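Me: I have a structure here and some labels I want to understand. Can we go through them one at a time?

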Amino acid sequence: MDDARDGSAAEAPPDTVWLLRSRGCWQAAAALLEQQAARSPEAALTRAELLIERSLFEGDGWGDAESALRLAEGGAHNDTERAAAACARGYLAYVATLLRVHDRLDEAQAALGRASAMLPPGAPGRPLLDFRRGLVAENLLKDPVAARTAYRRAHAGAEQQQDDLLLSYTWRHLATIAQQDGNLAGARHGFAESLRLRELIGYAVGIAPALASLADVSPTPEAAQLRAESARLVGAFGGVPVWLAQPAAHPEQAPGRA
């Protein structure tokens, strides 16, 4: 059929990819991008990011994520594309270290450093890069000061780009640091904003962690309701995310990780 050879006709609709991703169907979304990924650096990177996110939420699929990322790295043609692939490489190494699959802290730092060297200060990829550097600082290096600085830069950039998904993450992690500082009002506000944004954009698979985090800084009656709803959603998604389904297995993965 002509459609199989027509590049434009074979492109996966972004709305369909997002719909699958938002419901935790990362493999199905990645499959839609498989043909495009062979010829499009952007599609290859999107596919790799999908499979890395799957590894974070499911604690599985590392080989698929690695293969997809290598394809994205190999297809990058300029500094912007190489920086985006390096940012994804750093994130995959971070996730593997966080979930104690392998200690890849050095790789994460090196890859994010390469990405930073290739991106000018105002580049569109900067906010995501700043956020991921904040993750490494907060959760692997245990440096909340550096993490807060990176998250604030990412937050400002996400606001400028009107990136509601990234904003849901920056609110979430700034709230986690506020909680650690004992600023419960600030933490409640940040977690509530993160939840609001995830509900607004339909990021369904990310709502359970947002509910669980908000529960941790809420009064007892409300907290119980929030935790019950979070548990219901985890069950509906088949035990995803794994750190909420099996908290004892990964106690360091408290709800503020995604």
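Me: Where does Pro-241 lie?

Reply: This is a predicted model. In it, Pro-241 lies in the loop between α13 (220-236) and α14 (242-245).

Me: What makes the peptide bond from Val-240 to Pro-241 worth a look?

Reply: That bond is cis, with omega near 5°. Most peptide bonds are trans.

Me: Why are α10 and α11 called roughly antiparallel?

Reply: Start with the angle. The axes of helix α10 (residues 164-180) and helix α11 (residues 184-201) cross at roughly 160°. Angles over 145 degrees count as roughly antiparallel. The value passes that cut-off, so α10 and α11 are roughly antiparallel to each other.

Me: Within what distance do the two axes come? And which hand does the crossing have?

Reply: The axes of α10 and α11 come within 8 Å. Their crossing is left-handed.

Me: Which residues of α10 and α11 meet?

Reply: Among them, α10 brings Leu-165, Tyr-169, Trp-171 and Arg-172. Those from α11 include His-189, Phe-191, Glu-193 and Leu-197. The residues of this contact divide into 12 nonpolar, 7 polar and 4 charged.

Me: Why is Leu-32 called partly exposed?

Reply: Its relative accessible area is 36%. Buried means under 20%, and exposed means over 50%. The value for Leu-32 falls in between, so Leu-32 is partly exposed.

Me: Where is Leu-32, and what is it in contact with?

Reply: Leu-32 is in helix α2 (residues 26-32). Leaving aside neighbours within four places in sequence, Leu-32 is in contact with Ala-12, Thr-16, Val-17 and Leu-20. Glu-11 is 21 residues from Leu-32 along the chain. The C-alpha atoms of Leu-32 and Glu-11 are separated by 8.1 Å.

Me: How do you know that Arg-100 is exposed?

Reply: Arg-100 has a relative accessible area of 63%. Exposed means over 50%. The value is over the cut-off, so Arg-100 is exposed. Arg-100 is in the loop between α6 (79-98) and α7 (105-118).

Me: What is phi of Arg-100?

Reply: Phi of Arg-100 is near 60°, a positive value in a residue other than glycine. Most residues other than glycine have a negative phi.

Me: What about Gln-162: where does it lie, and what is its phi?

Reply: Gln-162 lies in the loop between α9 (144-161) and α10. Its phi is near 55°, a positive value too.

Me: Why is Gln-162 called exposed?

Reply: Gln-162 has a relative accessible area of 68%. That is over 50%, so Gln-162 is exposed.

Notes
Residues numbered from 1 in each chain as written. Predicted model: local features only at pLDDT ≥ 70, side-chain atom pairs only at ≥ 80, totals over all residues. Heavy atoms only, no water. Helix = DSSP H or I, 4+ residues; strand = E, 2+ residues; numbered from the N terminus. Buried < 20%, exposed > 50% of the residue type's maximum accessible area, 1.4 Å probe, protein only. Contact = heavy atoms within 4.5 Å. Axes fitted to C-alpha atoms, helices over the stretch in contact; angles between N-to-C directions. Parallel < 35°, antiparallel > 145°, perpendicular 65-115°, else oblique. Left-handed = near helix turned anticlockwise from the far one by under 90°. Nonpolar A, V, L, I, M, F, W, Y, C, P; charged D, E, K, R; others polar.
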